[in-house]
Amino acid sequence: MLISEQKPLEEILGYLDGEQKIFLVGCRGCAEGCKSGGEIQVEEMKHKLEEKGKTVIGQTMFDMVCDEPLVKVKMNQLKAKIEPADSLLILCCGVGVQTLAAATDKVVHPGCNTISLGGAHAEWREAERCLECGDCVLDYTGGLCPVARCSKHLLNGPCGGSQDEKCEVNPDIPCVWHLIVERLTKLGRLDKLEEVKGPKNWSVSLIGGPPTTR
Amino acid sequence: MKSKSNLEKVLEAGQFAVTGEIGPPTSADPEVIRKKAKLLRGCVDAFNVTDGQTAVVRMSSWAACLVGRDEGLEPTLQMTCRDRNRIALQMDILGAAALGINNILCLTGDHQIFGNHPESKGVYDLDSIQLIKVIKDMRDEKKFQCGDEMAVEPRVFIGAAANPFADPFDFRDLRLAKKVKAGADFVQTQIIYNVDKFVEWMKRVRDKGLHQRVNILAGVAPIKSVGAARYMQSKVPGMDVPDAVVERLRGVPKEEVSKEGTKLCVDIINQVREIEGVAGVHLMAIEWEEVVQEICEAAGLLPRPS
C-alpha cells in the first residue's frame, strides 16, 4: 500500500492559479484505499473546485496509475477529452503523478502528498521513484521528482556537474534537473523555476525515522 | 558596506579584484597552509579555502582560513551543503563571523561518492541557493532560517559559484539569476578555457542585468601538463577544455609545457577582463601556488590595493 493524503485545498488552488479547465484523475488502487484519490474523493474534489470557480472538464479513474503500459494506452484513448484542459490534477501517490507526466504533454499537478510507501516500491526503480518525502514538489518540477532522482536532492535547478544530460555521479544516471528543465521548457513553464524554492520540510519525511508530526 | 570584507571594499571601489584559492592539507599540519599563504600574499585581495573538495577529508575550511589569515591574507570560507544540515551550517556561520571571517562562498558540494569515504551519507538538507538566502536573512534580517531572531548578526560578504559550462546551457543564466535573487554579493565562475562560451554566457547575464547586481569574478587556472589538460577535458564533469587548448600545450617542447600553461592563463585573464561585467578574476592555482605571483605580474594585476 502506497499511503497518500490530499494536500490542503489552498495549496492545490495555488497550483491551479491562472488555469480554468481542469481534468481530474483518480486511482482505484492505493489512493482509493487510503481515501485520498478514490471515486468519492475525485467527485468531492470536482465540487470543491467548481465552488472556487474552476471548470472540471472531465474526470477519469485508473485501476492502478502506477501501471505504466496501462496508463499510456488509456491516456491515448482519452487524448481528445483531455486536449482542451489547461492541466490535470492527479489524486494519487507521487509514482502515479510521474507515470502520468511521462504519458502526456499536459501540465500535471499533484493533489496528494505521499507519506509512506509502506515498504512497497513501484516497478520502475531507476526511472520513476518516490521517496515518501511527505511534501510533494512535483507541481514545481513538472512531474519529475528531484527529491528521489537528484543525487543531491537539489530544489533549485541542476548543479555544476550536470553534463550531456547525465549526473556527475554516474553516466548511467540521467540528470533529472536536465529533464525537468527540458519538460518545463516544452510546456512553456520554465518561469516556474525562477522562484527560489526555500528549504524543504524534512520533518514530514521518513528521513528522521518514523513520522512523528502526524 | 554590507560587511567588513576587504574584497567587498576593493569591488565597491570599482577596482578589478583578484582572489586566490588554497586547498587545506589532509593532515593537522598548519605549515602547509602557511607556506601556500605566503606565496599568495600581496597577489590577491582574498583567498578561498576549499571545504573538503572532491569529498576528501581535509582540515576544516574555517580552521585553515584562520591559519592563512595569520599570514596577513583575507580568507573566504567555502561552505558546502554536503556534510552539514541547516543547524550545523548556521552554527558555523556564527562561529566564522565571530572569528573575523568576512567572506563566505556557498556551494552545494562535490558528491560524497567521489571522495575517500564513498559510503558516507550525504546531507544536502539545503542547496547552495537556499544557503545563500539563509546567510542573507541572518545578516540583513538578523533571523535564523526558522524565523528566530539573533542579537548580533554575521556581517559577511556572500559568495556563490557559477558554472557557464555545465548543462543545460540555456538554464545557466537563469540559475545565476536565482543566486542573485537569493542574495549573492559576488560570484566566482568555473575555470574558463572556452572563452567563446564564456562570452556567450556573459552576454545572457548582461541581458538580464545581472552584472549590475552582482560582482562576477571569472575563474582561471594555469595548466601544468598535457596530461592534466586531457584529464580535465574528459574526466571532470562540468569542465570545458577545447581541443585548441590541448593542442597549444602539445605544440611546445615538453620542458616548456608548464610555462606555456601559465602563459595561457595570462592570455585568458587578459581576454576575460575586457568583457563588460567581469569585475575580477578568481585564480585557482591549486597545488601550484608558486606561479601565482608570476601570473599576476604578467597580467598587470599588481600591486593589489592596500
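In the predicted model described here, Lys142(B) is partly exposed because its relative accessible area is 33%, where buried means under 20%, exposed over 50% and partly exposed in between (1.4 Å probe, protein chains only). This residue has a positive phi of about 55° although it is not a glycine. Lys142(B) is placed in the loop between H5 and E5 of chain B; helices (H or I, at least four residues) and strands (E, at least two) are DSSP runs numbered from the N terminus. The model is a prediction in which local features need pLDDT of at least 70 and side-chain atom pairs count only at pLDDT 80 or more, whereas totals for chains, interfaces and linings use all residues. Residues are numbered from 1 along each chain as its sequence is written, chains are lettered from A and ligands numbered from 1 in the order in which they are written, and side-chain values use heavy atoms, with hydrogens and water left out.

A positive phi, near 60°, also occurs at Ala55(B), a residue other than glycine. Ala55(B) belongs to the loop between strand E2 (46-49) and helix H3 (61-69) of chain B. Because its relative accessible area is 11%, Ala55(B) is buried. As a general rule, most residues other than glycine have a negative phi, and most peptide bonds are trans.

Cis peptide bonds were also identified in chain B. One joins Asp167(B) and Pro168(B), with omega of about -15°. Pro168(B) is located in the loop between strand E5 (157-162) and H6 of chain B. Another cis bond joins Leu302(B) and Pro303(B), with omega of about 0°, and Pro303(B) lies in the segment after helix H11 (292-298) of chain B.

Thr80(B) forms part of strand E3 (residues 75-80) of chain B. The residue counts as buried because its relative accessibility is 4%. Its side chain reaches the backbone nitrogen of Arg82(B) at 3.5 Å. When residues up to four places away in sequence are not counted, Thr80(B) touches Asp51(B), Leu89(B), Leu107(B), Thr108(B) and Gly109(B), contact meaning heavy atoms within 4.5 Å.

The contact between the chains takes 30 residues from chain B and 30 residues from chain A. About 2,500 Å² is buried between chain B and chain A, and carbon and sulfur atoms give 56% of this area; buried area is the accessible area (1.4 Å probe) that two parts lose on being put together, summed over both. In chain B, the residues that lose the most area to chain A are Asp167(B), Phe171(B) and Lys178(B), which together account for 21% of what that side buries. Across the interface, 23 residue pairs are in polar contact (both at pLDDT 80 or more). A polar contact is a pair of N or O atoms within 3.5 Å; within protein, one must be able to donate a hydrogen and the other to accept it, and residues adjacent in sequence count only if both atoms are side-chain atoms. Helix H5 (128-141) and helix H6 (169-182) of chain B each supply at least two residues of the side that touches chain A. The most is given by H6(B), with seven residues.

Chain A has seven helices and eight strands. Of its 214 residues, 52% count as buried. Among the contacts in chain A with a separation of 6 or more, 64% come from residues 24 or more positions apart.
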